[in-house]
Amino acid sequence: MAIAYPFSAIVGQDEMKTALLIAAVDQDVGGVLVFGDRGTGKSTAIRALAALMPNIPVVTGCPYHCDPGSPTPGLCAQCENGGKDFKTREQPMPVVDLPLGATEDRVIGTLDLEKALRLGEKAFEPGLLAQAHRGFLYIDEVNLLEDHIVDALLDVAASGENVVEREGLSIRHPARFVLVGSGNPEEGELRPQLLDRFGLSVDVRTPTELDMRVQIVKLRDEFERDREAFVKKWKRKDSAVRRKVEKARAQLNDIDLAPDVLERAAALCMTLGTDGLRGELTLVRAARALASLEGKAEVGLKQLRQVAPSVLRHRLRRDPLDESGSTTRIERALEEVLDPA
Amino acid sequence: MNGEAAWQDALLAAALLAIDPAGLGGIALRARPGPVRDSWLESTRELFPDLPWRKIPQTVSEARLLGGLDLAATLKAGKPVAQAGLLNECNHGIAVLAMAERCQPTTAAHLCQALDRHEIQVEREGLSATLPAAFALLALDESVESDEQLDAGLAERLAFHLDLHEVGIRDLLESGYPLEDIAAARSRCNAIECDDESTRQICTLCLVLGIDSPRASLLAQRAARAAAALAGSHRVSETELEIAARLVLAPRATRLPATEEEEQETEAEPPPQEPQESEGEQQDPGQGEGMQDRLIEATKAALPEGLLNQLLQGGVRRSSGRGGKSGQMRRSRSRGRPTGTIQGVPRSGARLSPVATLQAAAPWQPLRRGAGDPPRQLKVQRDDFRVVRYRERSESTTVFVVDASGSAALNRLAEAKGAVELLLADCYIRRDQVAMIAFRGETADLLLPPTRSLVRAKRNLAALPGGGGTPLAAAIESAAALATSLVRRGGTPNVVFLTDGRGNIARDGRQGREAAREDLPAVAALFRESGVRGMVIDTSPRPGSAAAELAQQLDIDYLPLPHADASQLSEAVRAASL
């Protein structure tokens with residue numbers, strides 16, 4: 001495995017980093033979509049995130065790494081039937097790559113070929129969706145993903161369960177994961193159904209400040225020349241981020257909402273005319289995760305304002321004749337709702 | 001740049017690549033196939049002795065690129081055996097991408113990921129593996145037309161962009177760099193010092209030349225370092241920065257370094273001639289902008305003579321044809337939604353379905369098994385092989401050909417633009433594409449290459465020119481050319497003309513209705529030959545015979561829509577194309 005670039009050594013791109021950390025703190029926020037210019041560190045940031053993931057307790061020997069603390073319907077068949085006394089162990093939260101060109105059978109799982117050939121046994125070999133359960137599923141160049149793979153993903157991402165009915169197998173197993181996608185909008189648009197599965201979406205732009213660009217080149221160069229030494233040098237900062245995420249996860253449920261946050265979130269969504277309730281829910285969830293990351297005891301309007309662009313950007317109804325970008329529209333609505341004159 | 005200098009640069013680029021292959025990514029070589037390109041490839045190959053050198057054909061299948069199940073070995077061993085893909089075979093060596101301008105988007109995406117990560121992840125056919133794939137890529141770009149270009153994402157990851165079109169046989173005087181020098185340089189390369197000032201200069205130059213991606217600065221820095229190693233020095237100096245600027249940055253430039261700074265120049269102090277001076281100034285952090293200006297001047301001065309001209313030419317070529325190569329227009333036949341299996345041999349891109357094959361073999365086992373055979377072993381014969389069938393929708397592309405001439409042009413253009421954007425807004429649901437050709441004055445221009453990207457469409461359509469004559473024949477000709485190239489790539493074009501049908505400029509630029517009419521039969525025949533569907537939408541206030549006649553000549557539908565607005569237009573087109 002190649003050594004990943006440290007998360008804390010990524011220069012700038014604060015919105016992207018925050019969105020990824022929010023998803024790491026509260027996985028129910030939904031996924032993160034990172035869209036933007038080439039060479040802006042999209043993949044770098046997401047791969048770096050893997051190194052920051054906290055450990056999670058899992059049932060020993062369970063191929064789907066079930067959560068021992070989960071209520072019964074959330075477990076796989078094997079753990080469900082096995083009674084309540086599991087052996088447990090800790091493992092890092094999985095971050096699974098779904099590479100382009102992955103075949104359907106590897107994504108959703110298929111007949112175990114080796115067992116079938118050698119023993120004549122019908123056994124299920126879990127796919128990438130099973131591996132990603134309770135963790136992250138990362139798709140680079142998400143807009144180049146083939147349609148039938150997208151279809152398979154959509155259903156599982158919505159239901160949190162992978163149902164395999166193929167090749168004489170009939171299997172269902174839990175598959176709840178955070179979908180993380182990156183891509184370049186010039187390569188094509190995403191299907192609206194897939195877009196809808198992402199909780200947060202981030203627009204990354206090339207930094208235009210000279211100092212920042214110099215800094216990017218310097219750090220990246222240092223990394224390329226001696227990866228191990230570089231990672232060692234940034235280890236302390238990365239651990240600090242990791243501890244922050246762990247702490248934020250632990251205290252997430254103790255964070256209250258300031259009195260008018262809910263109302264303002266609803267007003268914001270109404271002003272922008274977003275469909276459904278999901279926008280509001282995600283707004284509040286993301287704001288809470290951010291407050292937790294910042295060590296606050298309460299979600300305030302500041303957090304709401306900060307997460308609003310990421311949460312709402314891809315939920316606006318598309319108006320092809322409106323020249324102003326969605327970010328500008330959100331900014332306008334934020335001013336209207338949060339700072340009424 | 002003259003041919004000899006271009007050739008020397010090409011040799012230098014190859015030498016630098018040999019010094020730091022993984023760091024520099026590779027070379028994009030624009031050249032026609034022929035002795036010049038062959039001798040460059042030959043001399044480059046000599047720089048990589050005993051290393052893998054694999055050619056990736058344009059038609060490579062995903063299975064071959066990434067690797068997959070080795071059928072013969074799997075059946076023999078009784079357990080899945082992986083077969084290495086081309087990318088893995090290239091490890092530590094060189095991958096030569098032939099006809100890179102026609103490279104499929106998925107192939108390009110795989111190459112990009114391998115170049116980024118130096119390894120590939122394979123999740124196919126029951127196999128799951130991460131395989132090393134550290135290689136340098138030589139992308140041989142044979143494009144002549146501007147609508148075909150190397151994938152932008154791929155081009156960005158290759159340090160050097162060379163153009164050998166100007167090089168003739170006569171120019172091939174110099175030979176390559178000796179192998180010992182390169183080996184020595186390779187061992188030194190990583191230790192070469194590149195001080196902050198040099199890094200800053202590279203980044204400044206990028207900003208000035210309008211190069212957005214930080215990858216360009218990184219590659220330039222590495223190129224400078226390799227050049228310093230080759231020159232036997234211990235640190236990057238002005239000479240090496242010049243080389244990096246010429247080989248890495250100049251071909252990427254999107255604007256000339258003059259534009260914005262021009263006005264300030266008059267007030268700025270005279271630019272320092274020597275880089276040492278600007279280094280000295282760095283110790284004085286107090287003078288923010290003044291120093292910045294001088295730095296830009298210094299880097300400008302560092303650019304070799306003639307670069308500006310070259311920039312201008314290169315820049316124009318780039319901006320006119322940017323895009324057109326990305327998007328998902330070219331899909332191979334082996335992609336799409338699997339729709340069951342069929343008996344057949346896994347060859348020429350067809351993918352084996354292991355499970356169906358086993359199922360087909362199962363009933364025969366008792367018969368095939370001889371007395372002495374071990375009971376557990378499966379006997380699979382060629383007849384049992386089942387391959388996956390795919391169903392793929394042929395992508396349709398709506399090509400708008402818009403009359404932008406005369407007084408009513410602005411109005412029609414706005415409508416056409418609106419229709420394009422409305423169609424695009426739902427085309428990602430239908431997975432279709434939109435393109436637009438506008439004709440006015442003496443020419444017909446491809447304003448929007450086939451795309452489904454709303455982002456790009458908006459950008460390209462933002463400034464639509466209008467007014468002038470009506471070069472109808474030229475428009476039909478370009479529409480036919482675009483349609484034919486779309487058909488060639490497996491798409492289904494649907495051409496929509498928005499015009500009043502009254503041409504007044506001939507194909508060679510002569511004025512007058514008569515001259516224009518003479519050309520029509522020939523180009524109309526050309527269009528008919530392409531067998532493309534379409535319609536003529538008559539936009540004149542009083543629908544008349546001219547447009548109807550045109551539709552007849554082109555053998556496509558005729559629809560008078562004198563006061564169409566954007567949504568009416570898009571409705572009409574949608575109804576016609578379904």
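**View 1. Strand β12 of chain B and its two parallel partners.** In this predicted model, strand β12 of chain B covers residues 396–403, and β12(B) pairs with β13(B) in the parallel sense over seven bridges. Within that pairing, B:V402 is found opposite B:A438 of β13(B). Seven bridges also join β12(B) to strand β15 of chain B, residues 492–499, and these two strands likewise run parallel. Here B:T398 is the residue that stands opposite B:N494 in β15(B).

**View 2. The two faces of β12(B).** In a regular strand the side chains alternate between the two faces of the sheet. On one side of β12(B) lie B:S396, B:T398, B:F400 and B:V402, while B:T397, B:V399, B:V401 and B:D403 lie on the other, and all of these residues are buried. The strand is accordingly described as mostly covered, with eight of its eight residues buried.

View 3. Leaving aside residues up to four places away in sequence, B:T397 touches B:Q433, B:V434 and B:A435, together with B:P450, B:L486, B:T492, B:P493 and B:N494.

**View 4. The hairpin of β13(B) and β14(B).** Strand β13 of chain B, residues 433–440, and strand β14 of chain B, residues 443–451, run antiparallel and are joined by six bridges. Across this pairing, B:M436 stands opposite B:L448 of β14(B). The two strands form a hairpin that has two residues between them, and in the turn B:G441 has a positive phi of about 60°.

**View 5. Helix α10 of chain B.** After α10(B) comes B:G210, a residue whose phi is positive, near 70°.

**View 6. Two residues of chain A with positive phi.** Most residues other than glycine have a negative phi, and most peptide bonds are trans. A:H65, although not a glycine, has a positive phi of about 35°, and its place is in the loop between β2 (55–59) and α3 (77–81) of chain A. With a relative accessibility of 10%, A:H65 counts as buried. In A:R134, also a residue other than glycine, phi is positive and near 70°; A:R134 lies in the loop between α6 (128–131) and β7 (136–139) of chain A. A:R134 is buried, with a relative accessible area of 14%.

View 7. The secondary structure of chain A comes to 15 helices and 13 strands, and of its 341 residues 56% count as buried. Among the contacts in chain A with a separation of 6 or more, 75% are accounted for by residues 24 or more positions apart. The accessible surface of chain A comes to about 14,600 Å², and 49% of this belongs to carbon and sulfur atoms.

Conventions. Residues numbered from 1 in each chain as written. Chains lettered and ligands numbered in written order. Predicted model: local features only at pLDDT ≥ 70, side-chain atom pairs only at ≥ 80, totals over all residues. Heavy atoms only, no water. Pairing = 2+ DSSP bridges. Helix = DSSP H or I, 4+ residues; strand = E, 2+ residues; numbered from the N terminus. Contact = heavy atoms within 4.5 Å. Buried < 20%, exposed > 50% of the residue type's maximum accessible area, 1.4 Å probe, protein only. Areas by Shrake-Rupley, 256 points an atom, 1.4 Å probe, with all protein chains shown as cover.
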